[in-house]
Amino acid sequence: MTEHHDIVETIHLTEKSTVLGEKHNQYVFRVNPDANKLQIKEAIEKLFGKKVVSVNTANYRGKTKTRGQRVGRTAHWKKAIVTLKEGEKIDLT
């Protein structure tokens, strides 16, 4: 996992993440489950050119899905909530 694009998969846009961005200057990303907080911080700083103050992470287990008689599972994933330095913003458009 040497590339920053391999660590940060997508930005996670929901109503809650939009409120976090507006009120607390925090942004939510879906990241590689093997990435740690230091790797996530470095990747965000390199990709967006912003100063990261803190990174909080949460692991999510995949859900079991049934389709007919077959049972499968969605993938496990990891969410990172990144707090930027005061006055900095990421343009999501």
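The legends below describe an overall view and several close-up views of one predicted protein model.

Figure 1. Residues are numbered from 1 along each chain as its sequence is written. Because the model is predicted, local features need pLDDT of at least 70 and side-chain atom pairs count only at pLDDT 80 or more, while totals for chains, interfaces and linings use all residues, and side-chain values use heavy atoms, with hydrogens and water left out. The protein contains 3 helices and 6 strands, where helices (H or I, at least four residues) and strands (E, at least two) are DSSP runs numbered from the N terminus. Read from the N terminus, these elements follow the order α-β-α-β-α-β-β-β-β. The C-alpha trace spans about 55 × 30 × 20 Å along its principal axes. Of the 93 residues in the protein, 29% are buried, a term that means under 20% relative accessible area, with exposed meaning over 50% and partly exposed in between (1.4 Å probe, protein chains only). Among contacts with a separation of 6 or more, 59% are between residues 24 or more positions apart, contact being defined as heavy atoms within 4.5 Å.

Figure 2. In helix α2, which covers residues 15–24, the buried residues are Ser17, Leu20 and Gly21. Seen down the axis of α2, these buried residues fall within an arc of 95°, so they line one face of the helix; the arc is that of the directions from the helix axis to the C-beta atoms. An α-helix has 3.6 residues a turn, so residues three or four places apart point the same way. The buried residues of α2 pack against β2 (26–31) and β6 (77–84), whereas the face turned away from the buried side carries the exposed residues Glu15, Lys16, Glu22 and Lys23.

Figure 3. Asparagine 25 has its place in the loop between α2 and β2, and its phi is near 60°, a positive value in a residue other than glycine. With a relative accessibility of 14%, asparagine 25 counts as buried. The C-alpha atom of asparagine 25 is separated by 17 Å from that of isoleucine 40, the two residues being 15 residues apart along the chain.

**Figure 4. Isoleucine 40 and its surroundings.** Isoleucine 40 belongs to helix α3, which covers residues 37–48, and its relative accessibility of 0% means that isoleucine 40 counts as buried. When its neighbours within four places in sequence are left aside, isoleucine 40 is in contact with Ile7, Val31, Ala35, Val55, Thr57, Ala80 and Val82.

Figure 5. Strand β4 (residues 64–67) and strand β5 (residues 70–73) run antiparallel and are joined by 4 bridges; two strands are taken to pair if DSSP finds at least two bridges between them. Lysine 65 stands opposite glycine 72 in β5. The hairpin has 2 residues between the strands, and glycine 68 takes a positive phi near 70° there.

**Figure 6. Valine 71, a residue of strand β5.** Valine 71 is found in strand β5 and is exposed, with a relative accessible area of 60%. Apart from its neighbours within four places in sequence, valine 71 is in contact with Thr64, Lys65 and Thr66. Valine 71 and isoleucine 40 are 31 residues apart along the chain, and their C-alpha atoms are separated by 33 Å.

**Figure 7. Glutamate 3, in the segment before helix α1.** Glutamate 3 is found in the segment before α1, which covers residues 4–7, and with a relative accessibility of 45% glutamate 3 counts as partly exposed. Glutamate 3 and leucine 84 are 81 residues apart in sequence, and their C-alpha atoms are 21 Å apart in space.
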